[in-house]
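Dear colleague,

I am handing over the structure below, and I would be grateful if you could look through it before reading my notes. The notes that follow go through what was found in it.

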Amino acid sequence: MKVGFIGSGNMGGAMMRGIIASGKCTEDEIMASDALAGALTAIEKDLGILTSMDNKIVTSFADVVFLAVKPQYYESVIEEIRDVVTLDKIVVAIAPGRTLEWLEEKFEKPVKIIRTMPNTPCMVREGMMGMCPNILVTEEEIALVRDVCSGFGKTEIVGENMMDVVTAVSGSSPAYVFLFIESMADAAVAEGMSRAQAYKFAAQAVLGSAKMVLETGKHPGELKDMVCSPGGTTIEAVRVLEEKGLRSAVFEAVKACAGKSREM
């Protein structure tokens with residue numbers, strides 16, 4: 001199977017690296033384009049993939065075409081490639097706020113489209129991607145695209161009405177987690193720990209905690225209670241977090257992100 005990427009920036013590059021590293025595709029089965037010649041030269045040198053400055057050539061080459069450009073460029077890119085997108089190709093859109101209906105209208109003809117929302121942990125092959133196909137995509141084709149995307153993370157099929165929620169709870173949420181890690185590390189530095197050690201302790205604690213949620217199947221509240229000994233240090237820290245409104249702040253942030261996504 002041949003895969004094309006229109007756009008080879010941070011997200012597109014991360015996805016390509018994962019696909020190659022996992023063996024889902026070889027370098028000569030991936031072709032990418034980019035508006036910046038320098039970026040394209042760099043990704044070609046780094047990954048050894050095929051490249052072209054022409055989006056039409058990439059689209060013609062690929063069985064699955066990832067539109068890995070920013071939302072504001074979607075309309076012009078679709079207009080450029082529309083004539084070479086045939087019904088034997090699958091278009092994978094990764095932009096927030098671009099609905100299946102909007103995408104179908106811009107193509108002006110029947111096209112197999114999967115609307116998705118990945119996140120930046122794709123860079124370390126721990127991404128999470130929500131996927132919503134239109135009615136033209138078969139179950140076999142969905143399975144094919146999910147298999148390719150498993151090279152850089154996990155996937156879940158969701159209803160399109162949930163895609164803005166996916167953006168809020170997964171697509172954007174690494175930024176919330178990075179802020180949390182940075183805050184914990186800053187406090188550790190204030191207590192005398194070196195900056196490098198502080199980041200390592202905080203980041204590994206978050207990584208291990210997330211893995212416990214995924215692998216134990218226990219409710220996060222139950223796992224929290226397991227750490228909180230009566231009269232201990234952890235419950236005192238939890239008391240302060242509740243007093244300062246951490247839970248409410250996160251709740252409202254996710255809702256605000258979902259609302260912004262619906263407006264785009």
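Asp225 is partly exposed, with a relative accessible area of 48%, where buried means under 20% relative accessible area, exposed over 50% and partly exposed in between, with a 1.4 Å probe and protein chains only. Its side chain meets that of Lys224 in a salt bridge of 3.5 Å, N to O, and Lys224 is likewise partly exposed, at 36%. A salt bridge here is a side-chain nitrogen of Lys or Arg within 4 Å of a carboxyl oxygen of Asp or Glu.

Please keep in mind that this is a predicted model, in which local features need pLDDT of at least 70 and side-chain atom pairs count only at pLDDT 80 or more, while totals for chains, interfaces and linings use all residues. Residues are numbered from 1 along each chain as its sequence is written, and side-chain values use heavy atoms, with hydrogens and water left out.

The structure holds 13 salt bridges. One of them joins the side chains of Arg115 and Asp164 at 3.9 Å, N to O; Arg115 lies in strand E6 (residues 112-117) and Asp164 in helix H7, so this pair ties together parts that are 49 residues apart in sequence. Helices (H or I, at least four residues) and strands (E, at least two) are DSSP runs, numbered from the N terminus. Arg115 is buried, at 4% relative accessibility, and Asp164 is buried too, at 12%. Together with Glu160, Arg115 and Asp164 are linked in a network of salt bridges. Another salt bridge, of 2.6 Å, N to O, brings together the side chains of Arg247 and Glu242; Arg247 counts as exposed at 56% relative accessibility, whereas Glu242 counts as partly exposed at 39%.

How many disulfides are there? The count comes to zero, a disulfide being a pair of cysteine sulfur atoms within 2.5 Å. For Cys122, the nearest cysteine sulfur is that of Cys149, 8.2 Å away, and Cys122 is buried, with a relative accessible area of 1%. The sulfur of Cys257 is 16 Å from the closest cysteine sulfur, in Cys122, which is too far for a bond; Cys257 is also buried, with a relative accessible area of 18%.

With kind regards
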